Amino acid sequence: MTETTSNSTKQTSADPAAPAFAVRDLWKVFGPKADRVPGDPAHKDLTTAELREKTGCTAAVRDVSFDVQRGEVFVVMGLSGSGKSTLVRTLTRLIEPTSGSIAMDGEDVLAMDKNRLRELRRRQTAMVFQNFGLLPHRSVLDNVAYGLEIQGVGKAERRAKAQEIVEKVGLAGMEERRPGQLSGGQQQRVGLARALAVDPEVLLFDEPFSALDPLIRRDMQEEVIRLHREEGRTMVFITHDLAEALRLGDRIMLMRDGAIVQLGTPEEIVANPADQYVRDFVRDVAREQVISVRRAMRPADAAESDSGAELAPDTLVVDAIEAVAQSGEPCRVVEDGRTLGVVDHERLLAVVAGIDGGRPDTEGKEVAAV
Amino acid sequence: MSTTTPALDKADTPGTTPGVPQAPGPLARLAANPKALLLIAALLLAVVSAVVSGSGVWPEGLTFDLRTPLTELNQWLVENRESHWIFLYFLLHISNTAESSVDLVVTLLESLGFIGVTVLAVLLAWYAGGAGLHRRALRTAGTALVTFLVIGLLGMWEPAMETLGLMVICVIASALVGLVLGLVAGLSDRGERVLRPVFDTMQVLPAFSYLLPFVLIFDVGVPAAFAATVIYAAPPMARLTALGLRGADPVALEASRSLGATPWQQLKTARIPLARRQMFLGLNQTIMMCLSMVVLASMIGAPGLGEEIFRALSILDIGQSLGAGIAIVLIAVWFDRTTAAAGDRLDDPAAVRSTGGSLIQGGVVVVGTAVAAVVGSAIGRVEWPDEWVVSISGPVNSATAWIEDELGSGIPVIGGTLTWASGFANYVINPMRDALQATPWWAILVLGGVLAYLAGRWRAAVTTVLALGVIGGMGLWTRSMDTLSQVIAALVLTLILGFAIGILAARVDWLDRAIRPVLDTMQTMPQFIYLIPMVALFMGGRFAGVAAAVIYALPAVVRITDQGIRSINPAALEAARSLGATTGQQLRQVQIPLARKSLLLAVNQGVVLVLSMVVIAGMIGGGALGVDVVKGLAKGDLGLGMTAGIAIVCLGILLDRVSQPGAEAKRGVS
């Protein structure tokens, strides 16, 4: 579920094996003589305040490198001022980065001329904004068709396409309304539909649901999950809400003061926070809903290795608790017919209580913790 | 500053008690306040020097003769207007085009006949109001119908068509010029940096001062009126277009950019549509200013309703002027309601128009007008029939005479309008004028400089002193002080009344609702109109001018005060209420201090409006600079008119700088 057919026809120059986005050593510095900041090794270890003191510049994005794989939901998460919104804008050069490199499908974005860049924005990416950014003088249908209009698609064709998308996001019957007549959640559905209408390869979300009420936010998150399941489109999702990040993200990149603090799956971040900052962040997360039995299990002893219920390794602890409680005995974690280990009351409770740290099967970052 | 006293209060306190020993508390506070000390020193200097010297005549040696070169320039222009290349290849084209297009429109209106024009106006208003059988469309259409019927009944049909003809051409030209300038200022930062100060200054200048240079270039007549009107009326369109373009929702613009829109696509699909509301507002203001100027331009030979008023007022014939005045008021209301209705419709989601629908509606307008015109000529009624004219001039004149006889003077205890007028002139304006004229010129320079420095630092001080210097240098010192005394008198009255009404309206909701439509209408009226009732009540003279200026400036001051007080942070007011503050305490301690910026803005607006009206009042016996301009225009003596005009502009700049809520308010310190 990586590429839809229509996307592959658009990509002639692109390398099919390359990640959707490959970002290397990216800096965005605001201020006088901003271009001098990234190259200077003396600036590398300064805090934001020290940097401003010394150079008069603010680094919104500091030396960031990551890949976005095709088909994944890549969440960038951080508090306000962490540079995440700036970062997502540099991907399509809505904000021009100061230094570093960005490749989309292997093609250098920073080397693109105006026309190529416009083409990229028109067909390869589409963005959903926190404050919607709808045009108040247009009907819902014409707002959704707006991207196609910019591409130069004829009126009948773009309206037909927009109609299809409007139905897909659950706005059927509201085509002729104005944005001002819709609720916040409905407006954001229009924003989402506008982005989907151009059939982009990558969807960029800039805190799309932060302005919405909690219940509506949940609806919209489910909408995104459903769309991703159905279409498998690559998504880059900016949020400051940890629950949202954990729910949506295949991988999460945590940012602070413009730099990456940790990059990993939700499970890795919750189970192995890279530092005290991340640990404070994930303290209140319901761990049993994020951590899988692969991480919770212990080696099976001889008696256990072929008896008891079977669980897949990516079963969440919350589901394993139910299985273990029902069978009354440890469950086996089985992959390809091979028993990897077992989980019992003790192991599962340790996960819930948050005292499962220091497991030998976790990666090297563990050393830093406690 | 120890308290948040507005600048005006400062001027009063020390002035009333010079030399009187004060309690140590306030004195100590005063000593710690360099600004107040500076002001007191300047005031003391002015008062003492005035008492000592007793005469403030600007020295002969410091004057320069501007009148002779101006007269020579005028002479040269008269001789070369037909032959010089700049006229042949540029200016004559403008004037000929203007003249012939106005003629064309007037001819068109005449050939439509009164039935055709009325039907056209009604259908246009109906279309702007949303074209249908709902209330808004019918109401605007009704306004148009009443307007044109009353114009006909008053016997003002022909001059009204002349005014409309000139209006149409002026509105088209100023809207286009304004649109282009607005796009430049809205899209280019450099454009804005260049244009903004120009617009700011233009806003300060009295309408009057626009007429003179164009008379110089084009001679009196339609072209000069056209050029002056376009220059005068284009800025609001430009300003609001730029404002709309710059104020567009940044997220919507970013969204459009993120979808790969070219700059042109972005302008067409997002920027301009998002600015539409503001642009409509600009168009509305431009139309109202066009009307105001077209009427005023009768002084330089523009035909139409203004000419009727001008002629009638110069012989103090109220009856004649009132008919034309009513016609202008109705046209103003019709224009305002129609454009406002069209603007409202933009925001009304119910009025989603299909292209086909508006085509049909447009067709109805065209066909209806054509049918009406044909019917009109078929029944032989192209011109408004004379027998349908109701003459109001006789009854009005006898009513005015009655007012003069019965209310003018001799009413026990309260006197009468004429008694008040002469009393005000003798006991308020005259002493002030004498004081200003008795104060030595250099003391006024110092005082003006200090006031401007306190309001806007060095730049304002230098501008103010320079403006005063130009006035003195042209030999118009004494006359300018005369005008200044009238302006100050009118300003003080305006501010007292305006603040009182504004504060009251801010606290009493029904009053606010009641006066709002009145203010709306008053603000759209051309300046000329305000002179008519004042002449009727006070027989002309300086007090009539001052009163007209007060009435003219009052709506803006009331509105800004009202809105300023209403728009303060409600939480602050609620906090004060919850602590048990009385109404007076709320007003004194919360509302007025927090609305300080608006109040200063109201002062500034009041100054600008009062000045522009006091000058026009020269026509009805206000004297001083205004009368020089009128005389200069009437007799073609541009040396006289221009120098007086320049002095007026200098006064305008000076008063604006002194009253600008500039540097201090912007920094938010007191």
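In the predicted model, Met255(A) lies opposite Ile260(A), a residue of strand β10(A).

Contacts between the two chains involve 18 residues of chain B and 25 residues of chain A. On the side of chain B that touches chain A, at least two residues are supplied by each of the helices α11 (250–258) and α12 (263–274). The largest share, six residues, is contributed by α11(B). The composition of this side of chain B by class is nine nonpolar, five polar and four charged residues.

Within chain B, helix α21 (residues 509–524) and helix α23 (residues 542–566) have axes that come within 9 Å and cross at roughly 135°. An angle over 145 degrees would count as roughly antiparallel, and one of 65 to 115 degrees as roughly perpendicular; α21(B) and α23(B) are therefore oblique to each other. Their crossing is left-handed. From α21(B), the contact includes Asp512(B), Leu519(B), Met522(B) and Gln523(B). These residues meet Pro555(B), Ala556(B), Val558(B), Arg559(B) and Asp562(B) of α23(B). By class, the residues of this contact between α21(B) and α23(B) comprise five nonpolar, one polar and three charged.

Definitions and conventions. Residues numbered from 1 in each chain as written. Chains lettered and ligands numbered in written order. Predicted model: local features only at pLDDT ≥ 70, side-chain atom pairs only at ≥ 80, totals over all residues. Pairing = 2+ DSSP bridges. Helix = DSSP H or I, 4+ residues; strand = E, 2+ residues; numbered from the N terminus. Contact = placed C-beta atoms within 7 Å. Nonpolar A, V, L, I, M, F, W, Y, C, P; charged D, E, K, R; others polar. Axes fitted to C-alpha atoms, helices over the stretch in contact; angles between N-to-C directions. Parallel < 35°, antiparallel > 145°, perpendicular 65-115°, else oblique. Left-handed = near helix turned anticlockwise from the far one by under 90°.
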